[in-house]
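Welcome! Take a moment to look over the sequence and the model, and then let us walk through them together.

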Amino acid sequence: MSGTGRPAIVMDRDGTVCEEVGYVNHVSRVRLLPRSAAAIRAAREAGFATVLVTNQAGVARGYFDESLVHRVHERLRRLLAAEGAAVDAIYHCPHHPEAGEPPYRKDCDCRKPRPGMILRARDDLSLDLSRSYTIGDSMRDVEAGRRAGTATVLVMTGYGRGELEHRSGSWKMRPDHVAEDLMDAVAWILAREREEAPR
Ligand SMILES: [Mg+2]
Ligand SMILES: [Zn+2]
């Protein structure tokens with residue numbers, strides 16, 4: 001059933017839009033994957049809201065503080081803007097259920113595979129999640145997207161190839177599609193949209 005909101009493409013950050021470099025504990029470690037800006041541009045041109053959702057338990061673990069996450073996202077927005085791309089919103093989860101101290105040590109509803117960040121984006125941006133997609137390099141992205149009611153794509157960048165080649169035997173669910181990278185994922189989404197009945 002379709003609602004009245006906008007469709008979105010929800011993307012994981014590390015390993016999906018950006019290089020997976022372990023904890024991004026300095027702004028200089030943020031690097032876009034080669035075709036990410038072009039993919040996000042194409043998504044926006046097709047009418048999708050673009051949203052990033054990222055687990056940043058390094059905050060709870062005390063590896064860096066939350067202000068660094070904000071600075072990293074400012075730099076990420078500048079890198080995207082330099083290539084004519086932008087995202088409508090970025091959400092991060094700074095929590096971990098066992099590590100660190102409150103308020104960051106918390107069994108929160110936003111840490112993927114829970115869908116809290118995507119549900120917050122729905123409310124903030126008036127999204128129709130039944131017409132939306134979640135793209136990530138980890139099955140916890142796929143699970144969060146599925147639990148939020150979106151279609152899901154696993155990409156082979158970041159940890160994605162390892163997920164597929166070494167861990168798919170224990171998957172509780174399967175992504176709707178597997179793509180080489182974010183651009184291939186967006187291209188699959190746009191082709192699928194064209195095949196469907198006009199809205
Ligand atoms: Mg990732
Ligand atoms: Zn959280």
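Predicted model: local features only at pLDDT ≥ 70, side-chain atom pairs only at ≥ 80, totals over all residues.

Residues are numbered from 1 along each chain as its sequence is written, while chains are lettered from A and ligands numbered from 1 in the order in which they are written.

**The overall fold**

The protein chain holds 6 helices and 6 strands. Both are DSSP runs numbered from the N terminus: helices are H or I with at least four residues, strands are E with at least two. Starting at the N terminus, the order of elements is β-α-β-α-β-α-β-α-β-α-β-α. Along the principal axes, the C-alpha atoms fill a box of roughly 50 × 40 × 35 Å. The radius of gyration is 16 Å, which agrees with the value near 16 Å for a compact globule of 199 residues; it is taken over C-alpha atoms, and the globule rule is 2.2 Å times the number of residues to the power 0.38.

Of the 199 residues, 45% are buried. A residue counts as buried if 20 or more other C-beta atoms (placed from the backbone) lie within 10 Å of its own, as exposed if there are 12 or fewer, and as partly exposed in between.

**Helix 6 and the core**

The largest nonpolar core has 46 residues, and Ile-9, Val-10, Val-51 and Leu-182 touch the most other members. Such a core is a set of buried Ala, Val, Leu, Ile, Met, Phe, Trp, Tyr and Cys residues joined through C-beta atoms within 7 Å. Helix 6 (residues 182-195) gives the most to this core, with 5 residues.

Which residues of helix 6 are buried? They are Leu-182, Met-183, Ala-185, Val-186 and Ile-189. Seen down the axis of helix 6, these buried residues fall within an arc of 160 degrees, so they line one face of the helix; the arc is that of the directions from the helix axis to the C-beta atoms. The face turned away from the buried side carries the exposed residues Ala-191, Arg-194 and Glu-195. Packing partners of the buried residues of helix 6 include strand 1 and helix 1.

**Helix 1**

In helix 1, the buried residues are Ser-36, Ala-37, Ala-39, Ile-40 and Ala-43. Viewed down the helix 1 axis, they too fall within an arc of 160 degrees, so they line one face of the helix. They pack against strand 1, strand 2 (49-55), helix 2 (66-82) and helix 6.

**Backbone details**

Most residues other than glycine have a negative phi, and most peptide bonds are trans. Here are some angles to look up in the model.

| Site | Feature | Angle |
|---|---|---|
| Pro-102 to Pro-103 | cis peptide bond | omega about 5 degrees |
| Lys-112 to Pro-113 | cis peptide bond | omega near 20 degrees |
| Ser-126 | positive phi | phi about 50 degrees |
| Gly-47 | positive phi | phi about 95 degrees |

Pro-103 is in the loop between strand 3 (89-93) and helix 3 (116-125), and Pro-113 is in the loop between strand 3 and helix 3 as well. Ser-126 sits in the loop between helix 3 and strand 4. With 13 other C-beta atoms within 10 Å, Ser-126 is partly exposed.

Conventions:
Contact = placed C-beta atoms within 7 Å.
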